Amino acid sequence: MSQPANAQQTRNVVPFPDVGPRPKLLDRVRHAIRTRHYSPRTEEAYIHWIRRYIVFHEKQHPSTLSAPDISRFLTWLAVERHVSASTQNQALSALLFLYKVVLAIEVGAVPPVVRARTPERLPVVLSRDEIGALLKQLTGTERLVVMLLYGSGVRLAECLDLRVKDLDFDRHQIIVRQGKGQKDRVTMLPGAVRETLTKHLADVRRLHEADLARGFGRVVLPFALHRKFRNAPTEWRWQFVFPAGRICRDPRYGSPSRYHLHKSVVQKALANAARLAGTTKRLSPHVMRHSFATHLLEDGYDIRTVQELLGHRDVRTTMIYLHVMNRGALGVKSPVDRL
């Protein structure tokens, strides 16, 4: 028996529990995203762009719209809102996900869109002296996080997602689980943080034991591991290396649990440290990762090694750091210096 023409579309639809009234569109989008284990940041971004798309078309339901309407919205973003190329691509990805996965509608080829310009930007990199001046202005947990960002090249989200079991002191390495692109990788555990990190973990363990005594002590686990391993949420090895300061009572995570430190804590501490250190460069936690890669290349390490530590899929992504190494402008000596 031949299958109906829309059989493939039907298989792509994410089933939603058939209980009560049909859920709202954005709830269906959230369900589809979480079913595929996309990151919370992806969920937040997709919901944002789908909502803006609906508002742009005067709150028409997306099922009544088509490819030309997507094109008009994306063109408006580039021409009127002056968004970057990466932002425009993110909006397109969100809308394609909405139509293909949630609504199971084949929109076809999107008509030509006015594309946002893609400027070639060099990453901001701090010198070693600037890194040292910055660390002098930081204390406590925030200083330890920044040292790991610079000393290991991990992203801020990857650092905050670390569990106790991901630290291997014997082999001097950190195992990054489900990093960008849902890939695992191994990077170095800096010797300079070993003593401080050991003391920090002792404090975290005391906090965990106090939580257990109060009837809490649970931690959010990825996917459905809490059903497969019933005791895992309270085990020490699954706890976050950098736990939040208070118990999380968000119903999305089930029972009250302790989540990891919020990224804004590190961002605010780093911004304040940059102000106190007097740096004029535009600073963010990701600058620590840029500085890590650049300084390794300056020290003579092979670019393939740096690529593996950073988790880049393509070596061309890593090669951008060759342009910001400490060699002046392409290593050329200025003629005025010869006078």
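In the predicted model, Gln 239 touches Leu 162, Arg 163, Val 164, His 208, Gly 217, Val 219, Pro 233 and Thr 234, with residues up to four places away in sequence left out of the count. Gln 239 is located in the loop between α10 (225–228) and α11. The relative accessible area of Gln 239 is 6%, and the residue therefore counts as buried, the limit being under 20%. Two backbone oxygens lie by polar atoms of the Gln 239 side chain: that of Pro 233 at 3.1 Å and that of Glu 235 at 2.8 Å.

Elsewhere, a charged side chain is placed against an aromatic ring: Lys 165 lies over the face of Trp 238, at 4.6 Å from the ring centre.

A search of the whole structure gives 8 aromatic pairs. One of them joins Tyr 46 and Phe 97, whose ring centres are 5.5 Å apart and whose planes meet at 55°, so the pair is classed as tilted. Tyr 46 belongs to helix α3 (residues 40–56) and Phe 97 to helix α5 (residues 85–102); the pair therefore ties together parts that are 51 residues apart in sequence. Both Tyr 46 and Phe 97 are buried.

Phe 56 and Trp 76 form another tilted pair, with 5.0 Å from centre to centre and 40° between the planes. This pair also links distant parts of the chain, with Phe 56 in helix α3 and Trp 76 in helix α4 (residues 67–79), 20 residues apart. Phe 56 is partly exposed, at a relative accessible area of 24%, and Trp 76 is likewise partly exposed, at 26%. Phe 56 and Trp 76 are also members of a cluster, linked by ring pairs, that includes Tyr 53, Phe 73 and Tyr 99.

In helix α6 (residues 128–136), the buried residues are Ile 131, Leu 134 and Leu 135. These residues cover an arc of only 95° around the axis and therefore lie on the same side of α6. The exposed residues Asp 129 and Lys 136 are carried on the face of α6 turned away from its buried side. The elements that cover the buried residues of α6 include α7 (140–152), α11 (263–277) and α12 (285–298).

Terms used
Residues numbered from 1 in each chain as written. Predicted model: local features only at pLDDT ≥ 70, side-chain atom pairs only at ≥ 80, totals over all residues. Heavy atoms only, no water. Buried < 20%, exposed > 50% of the residue type's maximum accessible area, 1.4 Å probe, protein only. Helix = DSSP H or I, 4+ residues; strand = E, 2+ residues; numbered from the N terminus. Arc of directions from axis to C-beta. Contact = heavy atoms within 4.5 Å. Polar contact = N/O pair within 3.5 Å; in protein donor to acceptor, adjacent residues only side chain to side chain. Phe/Tyr/Trp six-rings, centres within 6.5 Å; stacked < 30°, edge-to-face > 60°. Lys NZ or Arg CZ within 6 Å of the ring centre and 35° of its normal.
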